[in-house]
Amino acid sequence: MLPKQIAEALNKQINAEFASAYLYLSMSAYLNEVSLVGFANWMRAQYEEEVFHAMKMYDYVLERGGTIKLDAVAAPQQSWKDIIEVFEAVLHHEQEITHSINRLVSLAIAEQDHATVNFLQWFVDEQVEEEASVSELLAQLKLVGGQGSGLFMLDREAAQRKFIQPQV
Ligand code: OFO
């Protein structure tokens, strides 16, 4: 049985993952509007990945006999200055998510809930990868000044991304 405090914290994180999904879907729509269709595709894959994160937690809470309490997801921002501002916002957002995952791990350790500590390790690793890939893209966007043929090339590369559900 999942300790009540842990179930509540996981429910909060499920909401945060859906909020991430919603934010990235909004970014995808904005990128489409400004004709960066490759990055719009990249962001849509990111949206799908966040829904997967939320559902992975949702399934875990149920598997441990916890109660799911879905909360409202706030309306996300709808426009940005440019592509660099978009990716700065993504990096900042992912850093915040990393903090909340770390707080969850600390809580699970304090509650001696080893199964949850173990479960959360996947998310700890995932956050390392998320921050690294977004930092790399942001650095490349800054390198080309977020415009011109450099941006065109990066957009074409971003068009290749597909979300493949991990086998976990
Ligand atoms: Fe779920 O990792 Fe991003 O937010």
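Which residues does Phe87 touch, not counting residues up to four places away in sequence? Some notes to get you started:

1. First, the ground rules. This is a predicted model, so local features need pLDDT of at least 70 and side-chain atom pairs count only at pLDDT 80 or more, while totals for chains, interfaces and linings use all residues. Residues are numbered from 1 along each chain as its sequence is written, and side-chain values use heavy atoms, with hydrogens and water left out.

2. Back to Phe87. Leaving aside residues up to four places away in sequence, Phe87 touches Phe39, Trp42, Met43, Val134, Leu137, Leu138 and Leu141. Contact here means heavy atoms within 4.5 Å.

3. Now the cores. A nonpolar core is a set of buried Ala, Val, Leu, Ile, Met, Phe, Trp, Tyr and Cys residues joined through side-chain atoms within 4.5 Å; buried means under 20% relative accessible area, exposed over 50%, and partly exposed in between (1.4 Å probe, protein chains only). The largest one has 24 residues, with Phe39, Met43, Ile83 and Phe87 making the most contacts inside it. H1, H2, H3, H4 and H5 each supply at least two residues of this core, and H3 gives the largest share, 6 residues. There is also a second, separate core of 23 residues, which includes Phe52, Met57, Ile97 and Phe123. (Helices are DSSP runs of H or I, at least four residues, numbered from the N terminus.)

4. On to the rings. Rings of Phe, Tyr and Trp (its six-membered ring) pair if their centres lie within 6.5 Å; planes under 30 degrees apart are stacked, over 60 edge-to-face, and the rest tilted. That rule gives 8 aromatic pairs. Tyr30 and Trp80 have centres 5.5 Å apart and planes at 65°, so they are edge-to-face. Because Tyr30 is in helix H1 (residues 4–33) and Trp80 in the loop between H2 and H3, the pair ties together parts 50 residues apart in sequence.

5. Phe39 and Phe87 also pair edge-to-face, with centres 5.6 Å apart and planes at 65°. Phe39 belongs to helix H2 and Phe87 to helix H3, so this pair ties together parts 48 residues apart in sequence. Both Phe39 and Phe87 are buried.

6. Lastly, look at helix H5 (residues 148–158), where Leu151, Leu154, Asp155 and Ala158 are buried. On the other side of H5, Ser149, Met153, Arg156 and Glu157 are exposed. Cover for the buried residues of H5 includes helix H2 (37–63), helix H3 (83–110) and helix H4 (114–143).
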